[in-house]
Amino acid sequence: MSRPDAVTRILFEAFPTAEVRLFYVIAYTAIAIFFYGVYVQVRKYGRGAPLRLEGGLGRRLADMAAKVFSHRTVERRDPAAGGAHRLIFYGFLLLFLGTATITLQYDILEPLFGIRFWQGPFYLVFSLVLDLAGIALLGGLIYMMYRRGWLKLPKLDYARPDRAPGDADFDRPQYRREDWAFLWTLLVIGFTGYLLEAARLVWLHDRPDVWDTRWWSPVGAALAALLEAAGLGAHGGGVLRLGLWWFHGLLALVFIALIPFTKVKHIFTAAASLMVRDPRAAQRLPRVPENAQTPGIARITDLNWKQLLNLDACTKCGRCHEACPARAVGAPLSPRDVILSLREFASATLESASLPAAADLDVHGKSPGQISMETLWSCRTCMACVEICPVAVEHVPIIVQMRRKLVEDGAMDPLLAKTLQTIHKSGNSFGESKRKRGSWSKPLPFRIKDARKEPVQVLWFVGDYASFDPRNQKVTQTFAALLHQAGVDFGILYDGESNAGNDVRRVGEEGLYEVLAGANIAALEGASFDTIVTTDPHSYNTIRNEYPDFGGTYEIQHYTSFMRRLFAEGKLKVTQPVKLRATFHDPCHLGRFNKGYEAPRELLKLLGCELVEMGRCRDNSFCCGAGGGRIWIPDPVGAEKPAQNRIREAAAIPGLDVYVVSCPKDLTMFEDALKTTGNEGKFVVKELIELIREAVPAPRAEAAPA
Amino acid sequence: MKILVAVKQVAALDEDFTIRADGRDVDEEFLLRDLNEWDDYSLEEAVKIKEAASQPVEVVVITVAPEHADEALRKCLAKGADRAIRVWDEAVEGSDPIAIARVIAAAARRESPAMLFAGVQSSDQAFASTGVAAAAFLEWPHAAVVTSLKLSPGAQSAVFRRELEGGLLEEVEIHCPAVLTIQLGINTPRYASLRSIKQAAAKPIEVKSLSDLGLNTADVGEAGSASRVRRMVIPDKGRAQLIEGDVAAQARRLAEIIREFQGSAP
């Protein structure tokens with residue numbers, strides 16, 4: 001081997017000065033276009049509403065980096081796509097760093113400081129790494145092409161459930177064209193890179209510095225051998241090298257220039273979106289500012305800058321589309337299409353030099369880019385979309401904030417309007433008298449303490465469904481009997497309790513939510529207790545995550561974790577194991593919202609049940625369809641309901657005895673779905689509390705009330 | 001143009017209510033108050049006319065009630081009424097619909113609207129007479145049970161349809177000013193969000209006394225009424241009973257009951 005500094009990449013050798021200059025002109029133009037595009041995008045985000053992020057930049061950066069480099073969010077529920085994307089990501093990143101290294105050496109360090117490092121052994125290793133990176137990139141790209149072209153995954157079908165065939169924005173073929181152009185462009189850039197390397201080797205076959213070290217670029221060397229075998233000589237190699245050099249270079253520069261204007265921008269927007277992620281986005285909805293002109297989102301500029309950034313982060317991967325319970329039963333909603341519609345709307349209105357008239361910024365309606373009220377009211381706010389989004393798009397807060405505008409305009413189902421009025425008037429959704437809230441406790445053989453009048457250790461927040469729904473009242477009484485049996489010092493607020501407001505808030509009736517939260521916090525402040533327990537995951541969520549914003553910070557537990565402790569402490573004992581084949585339905589507000597996956601499962605095992613999981617469980621649990629106020633809106637007649645879809649999933653488990661729920665609304669929804677799907681008699685729907693009662697029989701004197 | 005809408009805050013009964021000591025009404029503590037359902041529709045009709053008009057239309061709501069009715073008036077303001085008037089005097093207590101109508105008519109004379117709307121009836125008392133009685137005091141033409149309405153602001157007359165028995169409708173033209181009592185279903189009342197109700201709390205409610213309207217205490221209360229409530233009673237519950245026991249026992253008991261009803265016939 002000769003002098004180490006001779007072993008390096010051949011860059012502009014044999015180029016006339018004019019051509020080198022031309023290249024630099026083109027390169028700087030491409031970079032200028034790139035930065036102009038970045039400016040246009042940043043200006044667009046700046047036109048959104050202001051938002052102050054909580055939490056430090058350092059932690060956000062670390063969190064983002066961990067997700068980006070591990071690809072944890074990209075491979076969830078689709079490991080093949082995640083793996084292929086990881087190859088593309090690392091291949092692209094290394095090739096980009098490689099090019100950046102060349103620029104650092106050739107255009108900065110050497111001309112300014114005379115420093116040369118990109119040579120000798122470092123160059124050879126560099127060369128090998130980049131060749132391998134290229135293989136990763138091409139491999140990943142080819143799998144993605146196979147996935148789009150042959151697998152025909154439903155989640156990659158852009159046909160929209162909220163539009164009809166023939167509508168201008170029904171299946172958006174421009175997205176398909178862009179997807180393919182993206183894959184092909186990268187593929188061609190990668191492949192011509194190898195070919196260029198091979199042509200250079202053939203051209204410089206006689207130079208030992210180049211030829212003898214060629215196997216440090218294994219793909220290029222192998223291709224060079226092929227070209228020579230096909231009869232290519234040094235002169236031909238030189239001509240080919242020049243042509244490919246320009247083709248490869250220009251294509252790469254065009255690609256760079258177009259990044260901010262195409263889907264390629266996700267390499268920046270997705271990372272930025274992950275960085276500004278709100279880990280409690282759907283759990284704790286934003287308040288309406290005191291001085292807001294209109295509540296919620298009426299115009300595109302009512303989205304805050306982070307939400308506008310979210311729109312641009314979407315990569316159309318379709319995971320939210322796949323997970324959405326409304327979409328699954330044919331409702332006119334796909335979270336993906338809400339995001340894409342708003343993105344199209346934002347691009348059309350906010351990327352121009354001046355802001356269009358206010359009238360042209362209305363995001364509500366049926367025109368392309370607008371969202372219809374039917375779409376918004378289809379959402380169950382189950383958080384399945386937010387949970388699975390690999391780039392931290394937060395759909396649910398956008399949908400709820402858009403509903404706030406609909407509520408203000410009264411654009412909602414008349415039955416929903418009536419329910420909201422009922423809740424305002426009576427504090428519960430059943431239209432029952434406030435006085436009757438504690439009536440379920442009358443048949444009990446013991447008295448439940450009134451927590452407003454005497455101190456208790458455990459304050460039980462009962463909730464609407466558990467208080468008033470006749471079927472759930474039986475469960476509520478059973479739970480009371482279990483607490484009594486375990487010797488827990490507990491009490492309830494009787495008519496001091498109101499609907500917790502979780503679903504009212506998710507409907508978008510923020511004013512009513514404020515009234516309800518205020519009333520409950522006032523009642524809780526008047527009571528003396530150590531901890532709150534509830535059997536209702538909806539109440540649990542809002543008291544835990546949202547009441548603090550209204551001045552009420554309490555320790556609250558769902559009954560599953562509370563019961564688990566009673567067993568652990570020996571206050572309750574399993575004496576008659578329940579040997580049933582059971583499956584467990586994770587309630588959205590206990591599971592996804594508050595990560596309470598383990599306690600109910602541990603309880604089931606403790607009781608002696610054999611737990612068989614459904615395919616969609618834990619973070620991918622399938623909503624019963626009652627969330628977000630949908631329990632007060634009739635589902636379309638004839639169409640499948642989410643609860644029916646779910647019961648059919650459970651029915652496929654061989655020999656299933658019991659479908660276990662741990663949420664009052666779930667009990668109502670699934671007992672109904674069990675009957676309407678014709679599965680009655682095959683298995684039963686039960687509250688976990690009822691199974692606990694079976695395993696822990698009541699002492700003789702205090703048999704549970706019928 | 002101005003539309004005056006007479007509204008009422010009605011009362012529904014809460015659980016386990018008791019009758020007041022004087023026996024003439026339910027104990028206040030057990031009353032759940034809300035805007036009369038019919039008034040939701042008459043107010044909506046007025047607000048719809050206002051929103052569709054090219055010239056300014058003022059919608060004014062009026063009620064004859066003590067302070068607790070302000071809540072109902074705020075709901076009306078939240079739904080689009082421009083002004084709210086509440087007339088009250090201790091002497092109004094005990095008034096029948098005729099006396100209430102006299103007060104509303106006196107207010108209408110001062111407001112001189114092109115139309116006075118009222119609900120067909122109130123859900124708690126169901127006299128269905130306040131609106132038409134007000135028309136009699138005003139000597140204005142009137143129509144009851146209106147199910148659709150065409151009214152262009154500034155026009156001398158309006159065309160409407162009213163509900164007759166047997167599913168029949170009658171289309172009528174009426175000269176303004178007139179009194180119309182509005183039936184449920186004429187429109188879809190809008191939802192008043194809590195936010196709009198809160199904002200309406202800032203709007204003033206005009207409180208007027210009898211003398212402001214040129215009336216005196218003899219015009220209202222029992223003195224000004226054509227009828228008075230003597231007492232309120234809770235009727236005896238029906239005599240349903242669940243027959244228990246096995247089928248044979250149930251059949252035997254059923255036969256006994258039938259014989260009891262038949263008397264001593266063989």
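This is a predicted model: local features need pLDDT of at least 70, side-chain atom pairs count only at pLDDT 80 or more; totals for chains, interfaces and linings use all residues.

**Stop 1: the domains of chain A.** Start by colouring chain A by its domain assignment. Select 59–160 together with 171–273 for domain 1, 287–411 for domain 2, and 417–702 for domain 3.

**Stop 2: where domain 2 meets domain 3.** Now keep domain 2 and domain 3 of chain A in view; their C-alpha centres are 30 Å apart. Domain 2 of chain A brings 23 residues to the contact, and domain 3 of chain A brings 24. On the domain 2 side, pick out α13 (325–328), α16 (384–388) and α17 (395–409) of chain A, each of which supplies at least two residues. Which helix gives the most to this side? Select α17(A): with five residues, α17(A) is the top contributor there. Colour the domain 2 side by residue class and you will find 14 nonpolar, four polar and five charged residues.

**Stop 3: where chain A meets chain B.** Next, show both chains. Here 18 residues of chain A are in contact with 11 residues of chain B. On the chain A side, select α17, α18 (414–426) and α22 (510–525), each giving at least two residues. Zoom in on α18(A), whose five residues are the largest share of the chain A side. Colouring this side by class shows eight nonpolar, four polar and six charged residues.

**Last look.** Return to α17 of chain A: this helix supplies residues to the side of domain 2 that touches domain 3, and also to the side of chain A that touches chain B.

How values were computed:
Residues are numbered from 1 along each chain as its sequence is written. Chains are lettered from A and ligands numbered from 1 in the order in which they are written. Domain bounds come from an automatic or database domain assignment. Two residues are in contact if their C-beta atoms, placed from the backbone, lie within 7 Å. Helices (H or I, at least four residues) and strands (E, at least two) are DSSP runs, numbered from the N terminus. Ala, Val, Leu, Ile, Met, Phe, Trp, Tyr, Cys and Pro count as nonpolar, Asp, Glu, Lys and Arg as charged, and the others, Gly among them, as polar.
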